[in-house]
Amino acid sequence: MSFLRNVFSLSGRRKVWWTLVLVIVLTVWASLIVVGDRYNATVAQYNLPLPQVKERPFRLGLDLLGGSQLTYDADTSAVPAGEEAMAVEGARDVIERRVNAFGVSEPIVQVNRAGEDNYRIIIELAGITDIGEAIKQIGETPLLEFKEANDELRELSEEEKKTMEENNTQAQTRAEDILGMLGAGQDFGDLARSFSDDEFTKEDGGYVGWVSKLDNPEIASLVESLEPGQFTPQLARTSFGFEILKLNNKNIREVNVAQILVCYQDNEDCESELNRDQAYELVKEIKDKATPENFNSLLDEYHDRLSPKSGELGWVKREVQGEVFDEVAFNQEIGTVSFIAESKFGFHLLHKKDENPEYDLSHILITTTSEEDIIGPQSEWKNTELTGKNLRRASVQLDPNNGLPTVNLEFDNDGAKFFEQITERNVGRPVGIFLDGLPISTPNVNEKITGGQAVIQGNFTMVEARELVKRLNSGALPLPITLVSQQTVGASLGQESVEMSLQAAMIGLILVMIFMVIFYRFLGVVSVFSLVIYGLLTLAVFKLWPVTLTLSGIAGFILSIGMAVDANILIFERLKEELKAGKSFSSAIQEGFNRAWPSIRDSNFTTILVCFVLIQFTTSSIKGFAITLLIGVLLSMFSAITVTRTFLRLFKEGWMEKHPKLVGYKRPTGENL
C-alpha cells in the first residue's frame, strides 16, 4: 500500500517516467510472447545468458490451418411437425458446446437444410489432431428421451389389408406351383436356387444346416415326422412366409437323463469297497424295483452305496459320458429305464426323460407380406414433448433407502411443464427414461409430479452415475444424429490465404506509417512507435486468450489498426490547433487529449457495442471477427491515450515551440521566441 501511495503522490514528471517504464515492461513482455520461438532460437544459437520463455503458437482456424469436416444427418421423424428446425438448432448448440469442451475454439457448426425434411449438421474442426476421439465424443452425446406407453397402435386400413391379402395370395400360388414341380420329380436344390426368396441359402440349394427344437421349434415341428430324403407334402406357413422343407438327415443332439451308477473296486474313479459281484447284485436289486416314477426316490434310498456320479445329469450331449453311456441313452425310448450296462465306471442304470432331436434341412421360402411390412415396426413406447433439450442440469445423489447412487434431473420451465403433464396422464402407469434409445429406467408414476425434477434409479455404481451426469451436463441432444460424411480439409489454400493476408496487412501498415510521418512529422514518428507497441500487445493477447485466427479474425485485427491510427490523428489535430492558438506544448498536449477523448470514446464505444452484439448472437467466423475487433479497439484506446501521450510528455517544455515544423504547423505571424 505504501508503494502505491508513493506512486500516486509522485510529481507529474516522475509519473510520466514511471508510466514509460510500465509501457517498456509491457512491450518487452508482449514481444517475448509474440516472438518467443525466435527469441529462444537466438538464445540457444549464441549461448546467451538469458532464460528461455514459454512458446505460445497462434491458434489458427480451419481456413488457415486445415482440419476436418464432419457431416451428420439429423433424424427429425420423432419431432412434432413445425418444430423440426428448432430441434435441429438445439442439437447444433449442444454439439458446439461439446466441441468447445475439447478446446476447439470458434468451431463452425452449422445447419444445412436440403429438402423439406432433410436436415444436416456440418461441423468443421480446425487443427483437430485426434478426429476419431472427436467423432466418438460427438457421437456419444446422449440422447435423453422421456416416453410413455403407446396405446395407439396403428391398424391397417381397408386398402392396406386388401394389398396385403393380394400379395400373400400371389405368394401362396407361387409356393403351390413349386410344390407341384417337386411332386413332378424336379430337383429340390434347383428349385431353391431358382425360386427361393431366402438370399442366404438359395445359392446352396436351400441348405439350412442342423436345426433343433431348441433353435427353432416352429421349423423342427414341421419335419419331425419326415424321413430323410422326404419334403413336406403341404405348404407350411411360418412367420417368414410359405415354407417347403426337405429333411436331409436327423439325429439326437442331446438327452435328458438321470443315472444310478454302482461302481466297484476295479473301476476308474471309484472309492467303493464293493467287488464286482457285490456291485452287480446291488444294481440288479435296484433294477428290479426301478420304474420311471420311483427312479428319483431310489437315488435317495441307495444314495450311500452309489457313485457320486449318480443323480440328475440334465441335458447331456454325445461323447461326454463315454461310449457305453451314449449307446444306451441315445437309443432307449423316452420315459423308460434302461437295462444294466457296464462301463469302466461301473454299472449304469439310466432313466431317459427327454431328448432333443436335430434335423439337417433344406428349404424353399416364399416370403409373405406382414402388417409390419406395411406400417413398419410399432414401439410399445411413444415420444413425449420432454427431451434432453429441456434438461437444466443433472447431479448425483444417494438414495436414502438403499444408499445406491441416483441421478437427479432438473428441467427448465418448459421441461417442468411437460413433466407435470406426462406424470398427470400416466398415474399408475410406467414412464420410460431412454438414453441413446435404450431404456435406463421405467418407473411407475404414483402421482402427478410438479417442480420439474426427476430421479433416475438404474442400479448405478458411483462411477457409472458420475459418468452419466457428466455426459448429461455436457449436453443432451434433442434428436438422433448419424455421421454420414467425414473429410479432411487441407491447409494449402489456408497457407496461401495467410501469406496474402499478412502481405496486405504489412503493406497497409507501412503506407499508414509513411503517411503519418509525412503529414505529422515528429508526431507521426511518435504514432509509429505507439502503433508498434499496440500491435505487439494485441498479438500477445491473441496468443494468451487464445483467439482462433481465421481470415475474418485477421480482418478484424487490421480494421482495429485503422481505428488506432484514427485515434492518433484526432489527438494530433487537436494538439496542432492548441499550438496554433499560442498555447505551450504541455498545455497543448493536455487540451488536445481532452478535446480528442470524447470523439475517440464515442466512436470506439459504438464499435465495442456492435462487437458485443455480434459475439452474443453469432457464431464461427463472424464471432471471430467481432472478438479480434473488440480486442483491437480496446488496446487501441490504451495505446492512443496512454502510450502516445506518455511519449509526447517526455519532451521538455519549450522544445517543441522552438521547432514548430516538426509538428507540421506554422507559428502565427509576428510571434517571437
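## Nonpolar cores

A nonpolar core is a set of buried Ala, Val, Leu, Ile, Met, Phe, Trp, Tyr and Cys residues joined through side-chain atoms within 4.5 Å, where buried means under 20% relative accessible area (1.4 Å probe, protein chains only). This is a predicted model in which local features need pLDDT of at least 70, side-chain atom pairs count only at pLDDT 80 or more, and totals for chains, interfaces and linings use all residues. Residues are numbered from 1 along each chain as its sequence is written, and side-chain values use heavy atoms, with hydrogens and water left out.

The largest nonpolar core holds 45 residues, of which L523, I571, F572, L575, I600 and L648 touch the most other members. Two or more residues each come from α2 (12-34), α16 (492-520), α17 (522-544), α18 (551-580), α19 (585-617) and α20 (620-649); helices here are DSSP runs of H or I with at least four residues, and strands are runs of E with at least two, numbered from the N terminus. The greatest contribution is that of α18, with 11 residues. A second, separate core has 21 residues, including L386, A394, F419 and V469.

## The open sheet

Four strands, in the order β12-β5-β15-β16, form an open sheet with antiparallel pairing; two strands pair if DSSP finds at least two bridges between them. At the edges lie β12 (381-387) and β16 (438-441), each pairing on one side only. Strand β15 (residues 431-435) is joined to β16 by three bridges in the antiparallel sense, and L438 in β16 is the bridge partner of L435.

## A helix on the sheet

Helix α14 (residues 413-425) packs on this sheet and touches β5 (144-149), β12 and β15, contact meaning heavy atoms within 4.5 Å.

Notes:
Buried means under 20% relative accessible area, exposed over 50%, partly exposed in between (1.4 Å probe, protein chains only). Axes are lines fitted to C-alpha atoms, for helices over the stretch in contact, and angles run from 0 to 180 degrees between N-to-C directions.
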